[in-house]
Amino acid sequence: MGNQILWLAFCFWVLTCLLLPATSDGLVRISLKKRRLDLDSINAARLARQEGKSGVGRHSELHNSDIDIVPLKNYLDAQYLGEIGIGSPPQKFTVIFDTGSSNLWIPSSKCHLSLACYFHSRYKSSRSSTYARNGTTCEIQYGSGSIVGFLSQDNVEVGNLIVKDQVFIEATREGSLTFVLAKFDGILGLGFQEISVGNAVPVWYNMMQQQLVGDDVFSFWLNKDPDAVEGGEIVFGGVDEKHYKGKHTYVPITQKGYWQFSMGDFLIGDHSTGVCQGGCAAIVDSGTSLLAGPTAIVTEINHAIGAEGIVSAECKEVITQYGELIWDLLISGVQPGKVCSQLGLCIFNGAQYKSTVIESVVEKENRRNRLLGMIFYAQPLCDSLPSPMGESVIDCDSVLSMPNITFTIGDKPFNLTPEQYILKTGDGIAAVCISGFMAFDVPPPRGPLWILGDVFMRVYHTVFDFGELQLGFAEAV
């Protein structure tokens, strides 16, 4: 179980499909295939990046001739993927539609030295009659790795729309193992041009400028049903009323770049934390799987719901299960730093933590008091170990007794129940439950920021209104 938890932690971060003919309602829909959540393939799930007025709203009706619908594929409840085409004829790529970045990038056929490129579709400019050379070099740094490449220009197909002369990045180097394991080829950014690398005009801007959509709005619906065939849907040019109920609550964008707004009071159960009573900066980010926030507050939340750091939990499990065997190895003369490998436990990044715990315990123990003393000293040490990705785990049996978490947006409460903010994989004794709250400190001047990722967006249908510079939230159905 301990190794499974670390395997899960390593990759959770971070994030579609076969095109069908237009239906009778004039909308283009894409058939989606969903992969079930499983521990064997979960290593691919967390990449993307770590690097952002109340009423019905004027976009509440579905204008069939003016919108484009791109259904999404839900991968492991951690990434929602869609399919686009680049070039003439179009070359197909699976991408994350990411509101937390602004560039479109895909692997290039000129990518020869990165293993990740050989596991994904690569763009071949020589096969496109509409390709135009640019050649400007650029780099994007993500929390889990970087990509390096150069700018090119070509037509981009999104649903039934053809965006002409779109500038995008051909990636020639993908600098992280997680890109090898990822189920997506690239990323299509839906943020503002202010954070676009190379000042490239985002795909969404060109959709509007080329008058391909009837309204300067796009909206996300992420399917809450983990067993559903359809993972979700992004609608360009409007909203689809069948995916939400009630009215959207709209709040203004406070800073262009990310989709950033001011969030109000934050409650655990019925009790205010007090941290956002004067307002907190927050962004809605479809490329982030979890809910991320400042370390101090997320630690308070996870403590309140009974979650603890993944490495801390595994450390305690190791001491409980192997404590006596560890002691026997130590008194037989095995060096503390070698005990971990002797037990066959040092097979992943958590090895350094386990070895540190064992060595520290032995140093304090001075080889006295045997197992009881070891457990006495080890427990506080385990509590102090940080999780490498900031995630926390929780006992799956305690989910029903945990409190609701409430965000205040536009003076209205937006609740998340435990079933909504806890991610579960496996069944029975193999079940692992991950807290949807992850510690992540965005430095100034952009930060500190709260990041409302897919955990929030699954519960609340979200409208990204570029024309009025506002965000809208309504209960998703």
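**Exercise 1. State what share of the residues counts as buried, and describe the accessible surface.**

Solution. Step 1: In this predicted model, 60% of the 477 residues of the protein count as buried. A residue is called buried when its relative accessible area is under 20%.
Step 1: The accessible surface of the protein comes to about 19200 Å². Carbon and sulfur atoms account for 51% of that surface.
Step 2: The protein has 10 helices and 28 strands.

**Exercise 2. Determine how strand E28 is covered and which strands pair with E28.**

Solution. Step 1: Strand E28 spans residues 470-476 and is mostly covered, with six of its seven residues buried.
Step 1: Strand E13 (residues 244-252) pairs with E28 in the antiparallel sense over six bridges. Within this pairing, Tyr-244 has Ala-476 in E28 as its bridge partner.
Step 2: Strand E27 (residues 460-465) also forms six bridges with E28, again in the antiparallel sense. Here Thr-462 has Phe-473 in E28 as its bridge partner.
Step 3: E27 and E28 form a hairpin with four residues between the strands. In this hairpin, Leu-469 takes a positive phi near 50°.

Terms used: Residues are numbered from 1 along each chain as its sequence is written. This is a predicted model: local features need pLDDT of at least 70, side-chain atom pairs count only at pLDDT 80 or more; totals for chains, interfaces and linings use all residues. Side-chain values use heavy atoms; hydrogens and water are left out. Buried means under 20% relative accessible area, exposed over 50%, partly exposed in between (1.4 Å probe, protein chains only). Helices (H or I, at least four residues) and strands (E, at least two) are DSSP runs, numbered from the N terminus. Two strands pair if DSSP finds at least two bridges between them. Accessible areas come from the Shrake-Rupley method with a 1.4 Å probe; for residues, only the protein chains shown count as cover.
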